[in-house]
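The following paragraphs go through a structure chain by chain and contact by contact. Please keep the model open while reading.

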Amino acid sequence: MITSMRSGRFVALALLPSLLLYCFFVIVPVFWSAYYGFFEWSGVGATKGIGLQNYAEALQDPVFWRALKNNLIIVAASIFGQVPIALVLAILLNKNSLFHRFVRSAVFMPMVLSTVVVGLIWGYIYHPQFGLVNFVLEAVGLDNWTRGWLSDPDVNMYAVAVPIIWNFIGPYLIMFVAAIQNIPSEIDDACLIDGAIGRKKLLLVTLPMIWNMIKVVIVLCIAGSLKAFDQVFVMTGGGPAQSTELLATYMYNNTFNIYRYGYGSAVSTLIVIISMLMIGVSQVLMRGKES
Amino acid sequence: MKFKKAWVLSASALAALVLLSACGSGNGNNGGGSADTGSAPADEPKVELSIWHNFSGDDLRAQTMRGLIEQYVAAHPEVKVDVQAIPPDGYKQRLKTVAAANEMPDLFLSNPGSMIAEFYNGDLLQPIGDLLEQYPEWRDGFLPGAFEGHTFDGEIYAAPVNLSPSSIMYYNHSLFEQYDVKVPTTWDELMTAIETFNANGITPISMGNKAAWVAQSTIIGTLADRVTGSEWFLSAVEQDGAAFTDPQFVEALGYFKQLADAEAFQDGANSIDNTQAEQYFIQGNAAMTLGGTWTLTNLAATASEEALEQVGVTVFPAIPGGAGDPNTITASTGQGFAMNKDVTGAQREAALDLIYTISGPEAQQQIAQSNTLVNYQVEVDPAKVTPLFNKTYELVTSVGFTPIYDAYLSSAGTEAVNNGLQELMLGGDPETVAQKIQNAQAEAVGN
Amino acid sequence: MPESTTAARLQPAPRRRWPRPGVTLTNTAMLLYALATLYPLIWLFQSAFKTNQNFFEKPFALPDTWVIENITRAWALSDMGRATLNSTIVTGSAIVLTVLLGALTAFVLSRFRFKGRTLLSGVFLLGMLIPIHSTLVPLFIMMNQAGILNTYWALILPYTSFELPLAIFIMAAYMSAIPKEIEEAAIIDGSGYWGIFVRMIFPLTLPAISTVAILAFLRYWNDFAFALVFINEPSLKTIPLSLAIFSDGFGTDYALTMAAMAISVVPTIVIFLIFQEQIMKGMVAGAVKG
């Protein structure tokens with residue numbers, strides 16, 4: 001860490017452009033939107049200040065809580081699904097051989113597809129009539145396991161979570177690979193000399209060295225999962241009967257479909273607050289582990 | 001060694017980035033500049049007009065609508081028209097955003113009923129009644145009730161450019177023949193048909209209710225109207241002497257639940273989209289499907305002629321003891337172009353002219369020939385449209401129209417109906433669903 | 001198994017040997033997983049060449065006849081040429097801005113200690129949590145006032161701002177693992193902070209920068225919400241708007257949609273492969289040194 005007095009001017013100068021841009025385009029709109037949350041407003045015409053009523057209504061709406069629960073399913077799926085898979089792949093795949101390059105690229109490919117394609121193909125995989133999942137189940141004699149995977153409220157949230165995990169392993173894999181590259185080769189050499197290899201090396205050297213990246217990835221998982229929108233929007237639209245509603249689809253529907261702009265803004269502010277809380281908690285938990 | 005290599009790399013990367021940035025910002029300025037300065041050529045147009053619509057696709061109707069606007073642009077060099085064809089999936093979102101920022105276009109396509117009402121209530125529109133007065137023969141050419149969804153306080157705010165029946169029952173002739181089933185005209189016959197088809201592994205009714213408006217628009221509107229009659233519905237919408245918790249509406253929801261319980265719809269109907277359901281029908285997997293004119297367009301674009309020949313059209317069966325007229329189809333007035341309140345003077349003249357060009361008598365004729373039903377008396381030349389369109393046209397002109405739910409209910413009420421129907425299909429209880437619909441509508445009307 | 005790894009490491013000469021069962025199993029599993037993740041892309045390309053009828057009848061099969069026309073029609077109807085140019089300009093400029101500003105900010109946040117550092121990190125973190133749809137109206141009003149609506153800047157600046165938090169976090173995490181001795185040596189050599197950033201940290205961070213660039217590219221190239229609302233001028237429209245025109249709310253022309261998407265995905269794949277090479281170059285350099 002550089003702490004000298006001389007650095008002050010540099011710090012200010014270096015931060016200025018990003019801070020300006022960021023404040024103007026992100027921070028101001030966020031607070032502006034939070035402000036809309038205090039109004040009853042359809043998005044056009046007159047507004048009526050109603051204090052905290054929108055926020056209170058959201059917190060009393062069972063659909064809001066269902067959406068939050070669904071978001072938590074996705075958070076859990078990302079942290080306990082995406083992160084370990086990406087980590088294992090990154091450790092296995094850090095050679096530059098043709099095969100490793102191929103697998104790395106392949107794992108990333110779902111990311112390049114537009115969510116519409118992802119939604120469509122998973123729609124076909126889960127399709128109640130000619131879907132792959134039901135076909136396989138029938139082929140192995142599990143006929144009574146077949147169902148409308150996206151329409152049955154008992155399972156559809158989990159069904160939706162699978163494509164989301166699958167979709168986003170790629171970027172985390174790349175981040176882990178980049179972090180592993182960053183481990184100075186002296187440490188590799190030192191390991192060899194000390195005889196720290198295999199699992200031992202992984203636990204004692206690799207994981208601690210990329211622990212920062214793991215923390216970042218977990219924060220990204222939480223942030224990404226709580227504002228998740230696209231995949232669910234194209235696969236189920238939050239339905240049927242709001243069974244796969246997420247906070248962001250709930251917000252979107254209120255804002256743009258049923259013309260409750262003020263309420264939608266309040267929900268969106270709640271999303272930010274809940275995310276902050278969860279990330280705060282996760283930071284505290286991970287700090288404990290670190291020491 | 002390592003440093004040197006990295007340095008070369010980064011230097012070249014930086015150079016590339018700088019180049020990119022230079023060219024990027026240069027173009028950015030040009031792009032922005034041309035948008036601003038484009039209005040300053042030698043013979044400067046006096047009037048500027050902006051018009052937004054969502055006919056962005058490649059289908060016949062979209063082409064026709066764009067053609068009509070181009071026709072106006074070509075005939076009026078003195079008017080600079082800024083035409084925006086916005087992808088339908090984002091149309092509402094775009095319009096909502098500019099409305100919230102008070103930057104509405106001069107003319108924009110709006111759905112009748114709740115959508116145009118939102119803008120009317122926000123005091124963003126002005127009536128176009130004087131245009132209709134100016135061309136009385138045009139005004140009188142519209143079918144009865146054509147302006148209903150666009151009228152507020154006795155003033156007309158848009159002229160429909162299409163007619164949108166939403167609950168035409170399409171059925172597959174050969175499947176009905178093969179299993180010796182009568183095309184149902186009563187509830188009992190419908191239930192018998194459902195039973196027979198199910199016994200033979202044929203889906204009775206194909207429905208793609210992922211976007212939850214489908215069951216509402218194509219089934220419940222008609223089904224409930226058979227039970228309750230239109231008057232009850234209109235009173236319930238106003239929350240004036242009728243409520244959605246009334247027994248007749250709960251009964252109607254019960255009928256819908258009966259359909260779901262009898263497995264009238266294919267498994268997982270709530271997870272597949274409308275296009276997929278239509279394809280499922282046209283491939284002969286299902287005996288019936290309900291839909292509007294969009295079904296015609298979609299099928300015409302994707303199905304073989306032999307398949308289309310199998311398709312017949314009729315109305316939803318009658319329900320015993322119901323208060324409504326069974327020989328009806330739900331239909332909405334159709335979309336029309338609404339005018340921004342701030343348009344005045346010469347600009348307003350031009351805007352009215354444009355409206356007349358794209359929804360006047362000749363325009364209606366052209367639109368009808370793009371296999372689109374219009375809310376206007378036209379002679380359709382059978383040679384210029386598809387046979388299935390002709391059949392549908394005959395059916396639609398021989399029946400009465402009843403209100404479509406989402407054209408009259410508030411947006412929140414519509415959302416409650418949409419979700420409620422999905423809930424019923426998942427085993428929900430009609431009374432609970434009715435209560436939710438009532439709450440949503442009452443709250444919206446109360447505002 | 002650890003023993004054999006050591007053996008291989010210590011005696012690099014005889015590389016050829018029978019693969020061990022554990023490795024074969026892992027590799028097979030990875031191959032299968034790779035194919036599973038690759039399949040949707042293949043599916044997209046095969047579907048792009050089908051007729052609508054064929055698409056619905058046999059969603060998983062190869063096309064009955066390969067309809068090349070889909071591609072040409074989709075290209076022409078949606079004005080993809082113009083859209084591709086616009087997307088390239090917007091995406092390219094926004095990536096440059098994101099990487100430069102992001103790296104600089106990450107450098108300061110990760111390697112300097114100053115008052116308000118934690119708070120600042122928190123403020124940037126906030127940006128990752130925002131559902132973008134709620135910012136549309138405020139942003140529209142602000143950019144309208146600023147007069148940049150309907151220019152490339154109306155996309156470049158919001159894109160950059162919304163991607164900055166992610167960029168900063170990834171790069172800062174990466175930079176904080178670079179040994180401190182590097183700056184100390186540089187300071188002794190008399191390099192200023194700008195010099196350290198440009199000549200040492202930036203090059204050393206290339207793998208993370210490439211990661212950020214890939215993610216930013218994907219976000220910018222595929223963004224629909226901002227492009228829909230902030231751009232009026234048809235000649236400034238970006239690709240996602242072109243992809244959306246074949247669906248009208250009642251039905252979708254899947255053949256043309258798939259064809260347009262297949263066109264738009266090609267640059268994405270190329271960019272990914274280029275930047276992935278950059279990520280791995282870090283490793284090659286390390287290997288040379290080791």
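A residue is called buried when its relative accessible area is under 20%, exposed when it is over 50%, and partly exposed in between. The model is predicted. With these cut-offs, B:Glu423 is partly exposed because its relative accessible area is 21%. B:Lys436, with a relative accessible area of 42%, is partly exposed as well. These two residues form a salt bridge in which the closest N and O atoms are 3.0 Å apart. The pair links distant parts of the chain, with B:Glu423 in helix H19 (residues 411-425) of chain B and B:Lys436 in helix H20 (residues 430-446) of chain B, 13 residues apart.

Over all chains, a search of the whole structure finds 11 salt bridges. In chain C, the side chains of C:Glu163 and C:Arg219 meet in one of them, at 2.9 Å from N to O. This pair, too, links distant parts of the chain: C:Glu163 belongs to helix H8 (residues 153-175) of chain C and C:Arg219 to helix H11 (residues 206-222) of chain C, 56 residues apart. C:Glu163 has a relative accessible area of 2% and is therefore buried, while C:Arg219, at 32%, is partly exposed. In chain A, a salt bridge joins the side chains of A:Asp152 and A:Arg147 at 3.2 Å, N to O. A:Asp152 counts as buried because its relative accessibility is 18%; A:Arg147 has 30% and so counts as partly exposed. Chain B also holds a network of salt bridges that links B:Glu133, B:Arg139 and B:Asp140.

An unreviewed UniProt entry lists residues 12-32, 72-93, 105-125, 157-181, 202-226 and 261-285 of chain A under "transmembrane region". In the model, residues 12-32 of chain A are 100% helix and 0% strand, with the end C-alpha atoms 26 Å apart. For residues 105-125 of chain A the figures are 90% helix and 0% strand, and the end C-alpha atoms lie 23 Å apart. Helix H5 of chain A covers residues 115-125 and is mostly covered, with 10 of its 11 residues buried. Among the buried residues of H5(A) are A:Val117, A:Leu120, A:Trp122 and A:Tyr124.

Strand S8 (residues 168-172) of chain B is largely enclosed by the rest of the structure, because 5 of its 5 residues are buried. In a regular strand, side chains alternate between the two faces of the sheet. Both faces of S8(B) are covered: B:Ile168, B:Tyr170 and B:Asn172 are buried on one side, and B:Met169 and B:Tyr171 are buried on the other. S8(B) is joined by 4 bridges to strand S10 (residues 286-291) of chain B, and the two run antiparallel. Here B:Tyr171 stands opposite B:Met288 in S10(B). Another 4 bridges join S8(B) to strand S11 (residues 311-314) of chain B, again antiparallel. In S11(B), B:Val313 is the bridge partner of B:Tyr170.

An open sheet of 3 strands in chain B has the order S7-S12-S14, with mixed pairing. Strand S7 (164-165) and strand S14 (400-403) of chain B stand at the edges with a single partner strand each, so one side of each has no neighbour in the sheet. S7(B) runs antiparallel to strand S12 (residues 328-332) of chain B, joined by 2 bridges. The bridge partner of B:Ser164 in S12(B) is B:Ser332.

In chain C, the domain assignment gives domain 1 (21-67) and domain 2 (83-289). Taken over C-alpha atoms, the centres of these domains of chain C are separated by 30 Å. The contact takes 11 residues from domain 1 of chain C and 10 residues from domain 2 of chain C. Between them, domain 1 and domain 2 of chain C bury about 800 Å², 80% of it on carbon and sulfur atoms. On the side of domain 1 of chain C, C:Leu44, C:Phe45 and C:Asn52 lose the most area to domain 2 of chain C, together 49% of what that side buries. The count between the two domains of chain C is 0 salt bridges.

How many salt bridges does the rule find across the interface of chain A and chain C? It finds 1 salt bridge there. A salt bridge joins the side chains of A:Arg101 and C:Glu277, at 3.4 Å from N to O.

Notes
Residues are numbered from 1 along each chain as its sequence is written. Chains are lettered from A and ligands numbered from 1 in the order in which they are written. This is a predicted model: local features need pLDDT of at least 70, side-chain atom pairs count only at pLDDT 80 or more; totals for chains, interfaces and linings use all residues. Side-chain values use heavy atoms; hydrogens and water are left out. UniProt positions are given in the numbering used here, feature names are shortened, and annotations may be inferred rather than shown by experiment. Buried means under 20% relative accessible area, exposed over 50%, partly exposed in between (1.4 Å probe, protein chains only). Two strands pair if DSSP finds at least two bridges between them. Domain bounds come from an automatic or database domain assignment. Contact means heavy atoms within 4.5 Å. Buried area is the accessible area (1.4 Å probe) that two parts lose on being put together, summed over both. A salt bridge is a side-chain nitrogen of Lys or Arg within 4 Å of a carboxyl oxygen of Asp or Glu.
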